[in-house]
Amino acid sequence: MRKIKNITRLYRKMGQIDQAYLWNLALLILMNALHPLNGFYFLYYIVDSLETGLDIQGALTGLCLMGVVELVYCTLSFQLKKTDREKTMRIKNSLMLELQEKTVELSYQELENPETTLKQKKALEIFYPTQAEYMDFQNVLNCVKVMLYSAMQLVVLAVLLLRIHWTLVAVLLLLGCVSLWLYTVAGDRKFQVWDKELVAIGRKLSYFQQLATDFSYAKEVRMYTMGEWITNKMRSLTTRYLGGIRKSALQFSLIGILSTLLMGLGTGLSFLELGWLTWTGGIRTAGFASCLNVVRNFESALTQTVKSYMTISQAMSYLQAYWLYMDSLAAVVPQGCPKILSRDEREKGEVCFEHVFFKYPGAADYTLKDISFVIRAGERAALVGENGSGKTTLIKLLLRLYEPERGKIYWNGTDISNIRLSDYRKAVTAVFQDFKILEDTVKRNLSFQQPQGDGRLWEILDEAGIGDKIRSLPDGLDSYLGKTMHDNGQELSGGEKQKLAIARALLREVGMVVMDEPTAMLSPNVEYEIYTRFAELVKGRSAVYISHRMSSCRFCDWIMVLAGGTIQERGSHEELMALGGEYCRMYTAQAAFYREMGEGVEP
Ligand code: ADP
């Protein structure tokens with residue numbers, strides 16, 4: 001029942017996208033269902049004309065009419081099939097686009113959930129089949145079409161055969177059904193091997209293929225001479241893959257032979273019965289000749305109905321995954337009427353965490369426990385702590401990439417979950433540790449959606465210390481970055497990209513700037529320079545920093561030390577040093593390290 005629901009839902013949706021597609025399809029199915037009648041009636045007429053009085057003219061007329069009908073059928077069906085193909089392509093594209101749009105809207109928290117990734121992969125399989133091409137959307141639709149017209153043909157042909165003798169239909173149906181039942185059992189086993197074993201092996205194989213060919217892995221692969229390990233892994237997986245294919249093909253071919261024999265037996269017995277009936281005068285020669293065709297058509301319509309049904313039912317889990325995914329995306333659309341932020345409210349950045357708890361999906365313990373603090377408008381706060389203490393998670397909550405499990409976060413006194421998300425995203429900006437630079441122009445990278453004048457862009461680039469580098473590029477702000485999309489794209493170093501990412505964040509008119517290890521790729525001297533000018537750079541906006549280098553924290557109004565997901569210490573640099581706790585320990589350790597390294601800057 002659910003299978004039918006999935007299919008009818010798909011056709012309803014397709015009808016909404018293009019109503020004409022359904023009409024075209026209905027006509028195509030009807031024409032194909034009635035097509036065998038052409039052969040039957042005209043063949044009967046031709047043989048009958050010759051049998052009853054050697055009426056050559058009648059036979060020729062019958063032949064011509066049969067030809068004309070066939071010609072009209074072929075032309076019309078060619079046109080209808082062409083339209084069907086074009087419309088299916090268009091509908092497929094629009095469904096894919098809808099899926100992509102929804103995925104982009106998906107909350108970060110949902111996207112990071114491994115269950116969502118699995119659902120997404122399965123939903124995409126119907127559009128981009130990675131393992132079985134026959135599961136492709138177009139092929140599945142084609143199977144629905146074939147199944148419908150074959151089933152209709154079956155009814156039409158059964159009516160014709162019943163007029164001769166009911167045993168014909170009984171024999172054909174009985175043996176045909178047993179044969180096809182065997183075929184479905186074999187096909188199902190083949191699919192199980194494919195779905196359970198081969199897909200998993202295929203996924204691993206593509207991972208190793210990616211390792212071998214993806215440039216971003218190239219350094220590690222070469223440095224750690226992983227080549228042989230990758231090749232061995234691929235060899236053993238390929239052997240298992242081929243073994244799986246052989247195993248399923250063997251099972252399929254044995255049962256397949258039996259199934260074909262049974263189908264052939266049904267056809268043979270029907271021919272014999274027709275011959276007997278003609279011999280004993282039960283039917284005329286014309287009936288015999290035209291019924292031979294009907295028996296053949298019956299057999300092929302039965303086979304097509306069952307085979308198409310099989311493909312559809314195997315593809316159904318993918319179609320269902322598509323609807324499940326789409327429905328789960330629809331469920332994350334926020335309810336209610338969120339608050340719209342005015343420009344002033346966006347540019348004033350006071351944040352308050354009130355007893356915030358957060359736990360990752362599936363995690364046993366809370367990553368953040370009872371976090372409370374206030375960052376007043378214009379204040380610069382630093383967040384320090386060992387790896388895994390929860391700094392990045394706290395930032396993700398602040399940026400509303402995750403929702404707290406308990407407690408509240410306020411923006412200028414308003415619970416952030418009640419603020420329109422698009423407005424909140426305009427109120428805070430961030431430079432992430434794993435920032436990404438687009439393979440597009442410098443200008444687009446800086447002001448992705450809000451075009452800015454070139455003067456302002458140069459000003460911010462200079463402030464971030466990357467202006468001279470961009471000036472030296474052949475097309476300045478219009479220079480393309482990266483080589484994937486543009487052959488003459490420019491490559492920036494890690495540190496230069498980081499400066500560009502900082503410039504991009506500083507360009508936005510927001511109330512708060514968040515910087516998660518923004519200077520990890522910069523040399524200590526450049527970092528020091530950026531931090532000493534930091535107040536000037538953030539220009540009165542509130543700021544939150546995460547840094548492993550304690551020198552950056554000294555420039556902040558206050559520092560918060562996280563440990564095991566809770567706030568351990570809080571205060572200014574001087575206060576925390578005087579306290580002699582965790583911050584003091586980290587600061588002293590780094591100071592000693594930098595002195596030893598002779599870096600010439602403080603930790
Ligand atoms: P920090 O930024 O201080 O290094 P994080 O906030 O990144 O720490 O991580 C805090 C803890 O949360 C770590 O123990 C980490 O393993 C865990 N964690 C981080 N991201 C995820 C995630 N997506 N799913 C599950 N646990 C996570």
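**Entry 1: the ligand shell**

I looked up which element gives the largest share of the shell around the ligand, and it is H12, with 3 residues. Helices here are DSSP runs of H or I with at least four residues, numbered from the N terminus. I kept in mind that this is a predicted model, where local features need pLDDT of at least 70, side-chain atom pairs count only at pLDDT 80 or more, and totals for chains, interfaces and linings use all residues. Residues are numbered from 1 along each chain as its sequence is written, and side-chain values use heavy atoms, with hydrogens and water left out.

Next I listed the residues around the ligand: Glu112, Tyr360, Thr367, Glu386, Asn387, Gly388, Ser389, Gly390, Lys391, Thr392 and Thr393. Sorted by class, I found 7 polar, 3 charged and 1 nonpolar residues in the shell. In this scheme Asp, Glu, Lys and Arg are charged, Ala, Val, Leu, Ile, Met, Phe, Trp, Tyr, Cys and Pro are nonpolar, and the others, Gly among them, are polar.

A polar backbone atom of Gly388 is 2.8 Å from a ligand oxygen. For Lys391, an N or O atom in the side chain is 3.0 Å from an oxygen of the ligand. Thr393 has a polar side-chain atom 2.5 Å from a ligand oxygen. I also noted that the ligand taken alone exposes 560 Å², of which the protein buries 59%; these areas come from the Shrake-Rupley method with a 1.4 Å probe, and for residues only the protein chains shown count as cover.

**Entry 2: a look at Thr393**

Where does Thr393 lie? I found Thr393 in helix H12, residues 391–398. Is Thr393 buried or exposed? Thr393 counts as buried because its relative accessible area is 7%, and buried means under 20%, exposed over 50% and partly exposed in between, with a 1.4 Å probe and protein chains only.

Leaving aside neighbours within four places in sequence, I saw Thr393 in contact (heavy atoms within 4.5 Å) with Phe358, Tyr360, Thr367, Leu368 and Tyr402. Tyr360 is 33 residues from Thr393 along the chain, and their C-alpha atoms are separated by 9.4 Å.

Conventions:
Helices (H or I, at least four residues) and strands (E, at least two) are DSSP runs, numbered from the N terminus. A residue is near a molecule or strand if one of its heavy atoms lies within 4 Å of it. A polar contact is a pair of N or O atoms within 3.5 Å; within protein, one must be able to donate a hydrogen and the other to accept it, and residues adjacent in sequence count only if both atoms are side-chain atoms.
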